[in-house]
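Here are some questions and answers for a first look at a protein model. Keep the sequence and the 3D view open while reading.

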Amino acid sequence: MRLSRYFLPVLKENPSEAQIVSHRLMLRAGMIKQQAAGIYSWLPLGLRVLDRIQQIVHEEQQRAGHIPVLMPTMQPADLWRESGRYDDYGQEMLRIRDRHDRDMLFGPTNEEMITDIFRSSVNSYKDLPLTLYQIQWKFRDEVRPRFGVMRGREFLMKDGYNFDLTREGALHAYNRHLVSYLRTYERMGLQAIPMRADSGPIGGEDTHEFLVLAETGESEVFYDSAITDLTFGGRQIDYDDADACRAVLEEFTSRYARTDETHDEALFAQIPEERRRTARGIEVGQIFYFGTKYSEPMGANVVGPDGQRVPVHMGSHGIGVSRLLGAIIEASHDERGIIWPEGVTPFHVGLVNLKQGDASTDSACEALERELTARGLEVLYDDRDERAGAKFATMDLIGLPWRITVGPRGLASNVVELTSRRTGESVELAPADAVARVAEVYAPVFAASWRG
Ligand SMILES: Nc1ncnc2c1ncn2[C@@H]1O[C@H](COP(=O)(O)OP(=O)(O)O)[C@@H](O)[C@H]1O
Ligand SMILES: [Mg+2]
């Protein structure tokens, strides 16, 4: 992509309405534009990251055996009357009446609708286990939408729902989600810690939230610092192996880690004092097991092996897809701008031409762009007629992790400069070696990608 032909409306000034750094940087880097309180347009750069995050979520869900669907954003109120939540949900639900006076709503979540899909076509335990998921826009009329995409009213969520014959089966689904979430967040360069949480309006007994530690987080969290040493890494887990999934859950929940809703001072006090931490966190996901809470009132039953009809055991599992952009930026930025982790960066590499219009510099840049692209790398080529300082400032602001700088002086001795956004370190390399180095950096990112 050539910057001269792109749409990247960066802001020079700090927008006054933005209270936290991720919101400020997303506006300044031309990623989003607010259209109403808590409602945003996604501009090209923001959309690229949103797509990258969705792609990782899809891959990790499908790797775990979960099946994508897409439900509408608009739902009939009657489904919610069946579960009893139409009256319970309160003002966060945006209620709409259509021209025929039918009560509709913009879905804040989809337990009822997925249960309706399930009950209309599944009758036998032989069709279980089943986990369906979607990535779809939700609307919650939050009292105080704030911090940009962190607490929006319209926001993108991955919501998944498991259907199992038994409680045991559903707990395996719960553990499988925990494993897949750990993988998902790590691919985005994030450490998200599962913490025991409160179930809120979804209901149910078992639930964990995944929190990214950040000063600007809305949740107060209490944890044993030993938990931050755990990483999922490159482990291969067989998702059908219930014991293997349970072992991961046990490992990652073996240390004290709770949000303020479930915090227990007496238990916390048992941790050695030097490991006790009180901090703030951003909730980027949550998993629930709620048994037959929806299947029973809505009649989502299957015939079991003994011929008896029984309600299925369910759980629901969410990832805050649009919120993740904010969480990643909160965790990864400096005073000059965003620093994207390689797994989610909007472009893999930025290319800066120091002397636009100089025939040999231009053609060296074009050759680099071609060679990087041929290796599957996405390039943002700053081919504008601008000062070097302005080009560097833009690249630093938008946070591409790698930059190749090309100028006549270097080219005279056949070198270009490769710079890491994270460390600021530069090395001079022959153009072909710079391409090879960038390809090497991204090799693990490409290898982590999965298609079933
Ligand atoms: N208003 C919002 N704006 C952006 N993301 C949200 C919002 N509400 C929830 N999310 C994201 O969606 C995920 C799943 O939602 P859920 O757990 O049902 O919401 P809540 O935490 O409000 O009960 C949350 O973990 C969070 O990351
Ligand atoms: Mg939640």
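**Burial, packing and the ligand**

Q: What covers the buried residues of α5?
A: The model is a predicted one. In helix α5, which spans residues 111-121, the buried residues are Glu111, Glu112, Ile114, Thr115, Asp116 and Phe118. What covers them includes α3 (77-83), β7 (130-139), β8, α9 (295-298) and β16.

Q: Are α1 and α10 roughly parallel or roughly perpendicular to each other?
A: Helix α1 covers residues 21-28 and helix α10 covers residues 321-331; their axes come within 8 Å and cross at roughly 105°. Angles of 65 to 115 degrees count as roughly perpendicular. The two helices α1 and α10 are therefore roughly perpendicular.

Q: How do the residues of the contact of α1 with α10 divide into nonpolar, polar and charged, and how many are there of each?
A: On the α1 side the contact has Val21, Ser22, His23, Leu25 and Met26, and these meet Leu325, Gly326, Ile329 and Glu330 in α10. Sorted by class, the residues are five nonpolar, three polar and one charged.

Q: Are α2 and α6 roughly parallel or roughly antiparallel to each other?
A: Helix α2 (residues 44-63) packs with helix α6 (residues 167-187) at an angle of about 150°, and the axes are 9 Å apart. An angle over 145 degrees counts as roughly antiparallel. Therefore α2 and α6 are roughly antiparallel.

Q: How many charged residues does the contact of α2 with α6 have?
A: From α2 come Ile56, Val57, Glu60, Gln61 and Arg63, which meet Ser180, Arg183, Thr184 and Arg187 in α6. Two residues of this contact are nonpolar and three are polar, and the number of charged ones is four.

Q: Does α6 pass α7 in a left-handed or a right-handed crossing?
A: The axes of α6 and helix α7 (residues 242-252) come within 8 Å and cross at roughly 65°. The crossing of α6 past α7 is left-handed.

Q: How many nonpolar residues does the contact of α6 with α7 have?
A: The α6 side consists of His172, Asn175, Arg176, Leu178, Val179 and Leu182, and the α7 side of Ala242, Cys245, Arg246, Val248, Leu249 and Phe252. Two of the residues in this contact are polar and two are charged, while the nonpolar ones number eight.

Q: Which element gives the largest share of the shell around ligand 1?
A: Ligand 1 is surrounded by 16 residues, and the closest are Phe155, Gln286, Gly318, Gly320 and Arg323. Two or more residues of the shell come from each of β8 (154-164), β13 (276-291), β16 (313-320) and α10. The largest share is four residues, and it comes from β13.

Q: Is Ser322 buried or exposed?
A: Ser322 lies in helix α10. Leaving out residues up to four places away in sequence, Ser322 touches Leu50, Val149, Gly152, Phe155 and Leu156. Because Ser322 has 24 C-beta neighbours inside 10 Å, it counts as buried.

Q: Is Asp101 buried or exposed?
A: Asp101 sits in the loop between β5 (94-97) and β6 (103-106). Its phi is positive, about 65°, although Asp101 is not a glycine. Asp101 has 6 C-beta neighbours inside 10 Å, so it counts as exposed.

Q: Is Phe147 buried or exposed?
A: Phe147 is also not a glycine, and its phi is positive at about 60°. The loop between β7 and β8 holds Phe147. With 22 C-beta neighbours inside 10 Å, Phe147 counts as buried.

Methods: Residues are numbered from 1 along each chain as its sequence is written. Chains are lettered from A and ligands numbered from 1 in the order in which they are written. This is a predicted model: local features need pLDDT of at least 70, side-chain atom pairs count only at pLDDT 80 or more; totals for chains, interfaces and linings use all residues. Axes are lines fitted to C-alpha atoms, for helices over the stretch in contact, and angles run from 0 to 180 degrees between N-to-C directions. Angles under 35 degrees count as roughly parallel, over 145 as roughly antiparallel, 65 to 115 as roughly perpendicular and the rest as oblique. Two residues are in contact if their C-beta atoms, placed from the backbone, lie within 7 Å. Ala, Val, Leu, Ile, Met, Phe, Trp, Tyr, Cys and Pro count as nonpolar, Asp, Glu, Lys and Arg as charged, and the others, Gly among them, as polar. A residue is near a molecule or strand if its C-beta atom, placed from the backbone, lies within 6 Å of it. A residue is buried if 20 or more other C-beta atoms lie within 10 Å of its own, exposed if 12 or fewer, and partly exposed in between; C-beta atoms are placed from the backbone. A crossing is left-handed if the near helix is turned anticlockwise from the far one by less than a right angle, and right-handed if clockwise.
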